[in-house]
Amino acid sequence: MATAYVPDGDGLDDRVPFLARLEREDRVSLLGLGRELVFACRAPLLRQDEPSAYVLLILNGWTKVTTSAPNGYEALHALRGPGDIVGESAALTGRPRSATVTALSPVRTVVVEHEKFRAFVAGSPDVSLTLLALTADRTRAADRRSLEFAAMTVRERFAVLLLDLARTHGARTDEGIELDIPLSKQELAGAVGASREMVQRLLKDLRERGIVMTGRRAMVIVRPDALRRIARAQGPVQPVVRR
């Protein structure tokens, strides 16, 4: 049984996915409005600036949510996985997509046309409030992270990111905490507002100090407490068993 590492007293509500927030009857009804659609690894689910035609409910697999600047820089805003909803904002407002969503692994979804989705939300006050709460939680978490990052060096932001990934996507192995989400150096850079070259230098330093090990498709955090010191985090790293 794999274990993920969780800092003490975290409890971020934005990580509770949309489908898990719904009552069973609402969840079944919503999924019944759509059809299954599978995306290959690295395939785009949604594209920034495109018009909205549907929302996607993720059943299996993980995705990244990114935006691209005119100069080509790509910022990584979030990872969305099983139970999450993507594309809902554009569907509800009628505006173009605000971000690109890309599969990080094979992803199985249910696609619901936006007319059906809007009618479903409009017909259920409970679902409307649940969707509003999800939006508020995501916005609050993003604002808090932006504020925290503004007061940190790139090195500190990178340590925070790795600890966060260890908690949400880490499995304990004999060597340490293996991150089971395949993010490239460019994607890691986009998550902390740095260049790929900077992240490469930071990883080299962490490897030389025995804090992490990196391979072709995996990263292992060997000394999470050392990362916590870099990130100036408080309290011990606690494991929680994934069911």
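Modeller: Start with the residues that touch. R157, F158, L161 and L165 in α6 meet L188, A191 and V192 in α7. Contact here means heavy atoms within 4.5 Å. The residues of this contact divide into 6 nonpolar, no polar and 1 charged. Ala, Val, Leu, Ile, Met, Phe, Trp, Tyr, Cys and Pro count as nonpolar, Asp, Glu, Lys and Arg as charged, and the others, Gly among them, as polar.

A word on the source. This is a predicted model, where local features need pLDDT of at least 70 and side-chain atom pairs count only at pLDDT 80 or more, while totals for chains, interfaces and linings use all residues. Residues are numbered from 1 along each chain as its sequence is written, and side-chain values use heavy atoms, with hydrogens and water left out.

Now the geometry. Two packed helices are described by the angle between their axes and the distance between the axes. Helix α6 covers residues 154–169 and helix α7 covers residues 185–192. Their axes come within 9 Å and cross at roughly 110°. Axes are lines fitted to C-alpha atoms, for helices over the stretch in contact, and angles run from 0 to 180 degrees between N-to-C directions. α6 and α7 are therefore roughly perpendicular to each other. Angles under 35 degrees count as roughly parallel, over 145 as roughly antiparallel, 65 to 115 as roughly perpendicular and the rest as oblique. The crossing of α6 and α7 is right-handed: the near helix is turned clockwise from the far one by less than a right angle.

α6 has another partner. Helix α8, residues 196–208, packs with α6 at an angle of about 70°, with the axes 11 Å apart. That makes α6 roughly perpendicular to α8. On the α6 side, V154, R155, F158 and L162 make the contact. On the α8 side, the residues are M198, V199, L202, L203, D205 and L206. By class, this contact has 8 nonpolar, no polar and 2 charged residues. F158 is listed in the contact with α7 and also in the contact with α8.

Between α7 and α8 lies a loop that holds S195. S195 is partly exposed, with a relative accessible area of 34%. Buried means under 20% relative accessible area, exposed over 50%, and partly exposed in between (1.4 Å probe, protein chains only). S195 and Y73 are 122 residues apart along the chain, yet their C-alpha atoms are separated by 9.0 Å.

Look next at helix α5, residues 125–150. It has 26 residues and reaches 37 Å from its first C-alpha to its last, close to the 38 Å expected at 1.5 Å a residue. That expected span is 1.5 Å times one less than the number of residues. Among the buried residues of α5 are V127, L131, D137, R138 and F149.

Helix α9, residues 224–231, is mostly covered, with 6 of its 8 residues buried. These are P224, A226, L227, R228, I230 and A231. R232 follows α9 and has a positive phi, near 60°.

Last, the whole chain. It comes to 9 helices and 14 strands. Helices (H or I, at least four residues) and strands (E, at least two) are DSSP runs, numbered from the N terminus. Buried residues make up 44% of the 243 residues. Of the contacts with a separation of 6 or more, 71% join residues 24 or more positions apart.
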